[in-house]
Amino acid sequence: MATKKINSSLKRKRFLTQFFTYAYLLILAVVILFPILVTISSAFRPGNVTAFTFTLGGEWTLANFQRLFTETLYGRWYWNTIIVAVFTMLIQVTVITMIGYAYSRYNFVGKKKSLLFFLIIQMVPTMAALTAYFVMAWLFNALNQYWFLILIYVGGGIPMNAWLMKGYFDTVPYDLDESAKLDGAGHLRILWQIVLPLVKPMIAVQALWAFMGPFGDYMLSKFLLRSQEYYTVAVGLQTFISDVKNQKVTLFAAGAILIAVPISILFFFLQKNFVSGLTDGGTKG
């Protein structure tokens, strides 16, 4: 009798756990998917609407996507953002990988203090320095210059990402380095052929984060890019809805959907590295 009560209690507990888990996931899915569905619904509406709407009925059209590239500077903004995102990704991943490897594998003067400095810097949000960035850009004649924007993106991503990269390098056994040194391998060869293949998942994550940043950033780009032809998509799209009396909601929604295209392509290209784990690359037997 006691065993039946225990089994019944366990079943009830398991049922309640599963029920609340699925209920939470359902609510989370609604919260995430509903804004996306509203954006998609608005993007395919003919003409223009005064507010974002979600409806499955009525006429659907691709005209808004065509208007983006024929009636606005969206194509230029899109290309600007691609350039900034690609260079930010390449530079940031390279710098952070080298920093993470150095902090993980070498001992040098100021190592602990500089890591602590990274943590302190990370506590100060990048947006708090907008005025300083603008003054620097004005002094160096860097307004409307992508190289300055890229450098700020890269510098802002170093503190926390260097910590994450260093921690991931630490999971790679140092015995691999020692074995390679005994075989005559140098530092660069150890990094390139032994260690890097084992940290591909974190490199892939870093690349995706760095690439996504310029597509979603508004404040920094708005401060440093003063002319419309130099805008990135986040700043350019804001002009569609900034005028309350003449909001281009359908164009804004269509442009927002297209932002996901290069990010999705990069994600699918890198996704095999997200689950590769530390077994890739092989070890000396």
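The legends below accompany close-up views of a predicted model. Residues are numbered from 1 along each chain as its sequence is written, and side-chain values rest on heavy atoms, with hydrogens and water left out. Because the model is predicted, local features need pLDDT of at least 70 and side-chain atom pairs count only at pLDDT 80 or more, whereas totals for chains, interfaces and linings use all residues.

**View 1. Annotated spans along the chain.** An unreviewed UniProt entry lists residues 78–270 as "domain: ABC transmembrane type-1", and its annotation "transmembrane region" covers residues 21–44, 77–103, 115–140, 146–169, 190–212 and 249–270; UniProt positions follow the numbering used here, feature names are shortened, and annotations may be inferred rather than shown by experiment.

**View 2. Phenylalanine 169 and its aromatic partner.** The largest nonpolar core holds 69 residues, and Phe169 is among the six members that touch the most others, together with Tyr74, Phe211, Phe215, Leu220 and Phe240 (such a core is a set of buried Ala, Val, Leu, Ile, Met, Phe, Trp, Tyr and Cys residues joined through side-chain atoms within 4.5 Å). Setting aside residues up to four places away in sequence, phenylalanine 169 touches, among others, Thr97, Tyr101, Arg105, Leu191 and Val199, a contact being heavy atoms within 4.5 Å. The structure holds 16 aromatic pairs. In the pair of tyrosine 101 and phenylalanine 169, the ring centres are 5.6 Å apart and the planes stand at 70 degrees, so the arrangement is edge-to-face (rings of Phe, Tyr and Trp, the last by its six-membered ring, pair if their centres lie within 6.5 Å, with planes under 30 degrees apart counted as stacked, over 60 as edge-to-face and the rest as tilted). This pair joins distant parts of the chain, with tyrosine 101 in helix α3 and phenylalanine 169 in helix α6, 68 residues apart. Both tyrosine 101 and phenylalanine 169 are buried (under 20% relative accessible area, with exposed meaning over 50% and partly exposed in between, for a 1.4 Å probe and protein chains only).

**View 3. Threonine 88 within helix α3.** Threonine 88 lies in helix α3, residues 74–105, and counts as buried because its relative accessibility is 1%. A polar atom of the threonine 88 side chain is 2.6 Å from the backbone oxygen of valine 84. Apart from neighbours within four places in sequence, threonine 88 is in contact with Ile150, Tyr153, Val154, Ala210 and Pro214.

View 4. Glutamate 71 meets arginine 67 at 3.2 Å, N to O, and both lie in helix α2 (residues 63–71), 4 residues apart, about one turn of the helix. Glutamate 71 is exposed at 54% relative accessibility, whereas arginine 67 is partly exposed at 24%. In helix α6 (residues 146–170), which holds both aspartate 170 and lysine 166, these two residues form a salt bridge whose closest N and O atoms are 3.0 Å apart. Aspartate 170 is partly exposed at 38% relative accessibility, while lysine 166 is buried at 18%.

Technical notes:
Helix = DSSP H or I, 4+ residues; strand = E, 2+ residues; numbered from the N terminus. Polar contact = N/O pair within 3.5 Å; in protein donor to acceptor, adjacent residues only side chain to side chain. Salt bridge = Lys/Arg side-chain N within 4 Å of Asp/Glu carboxyl O.
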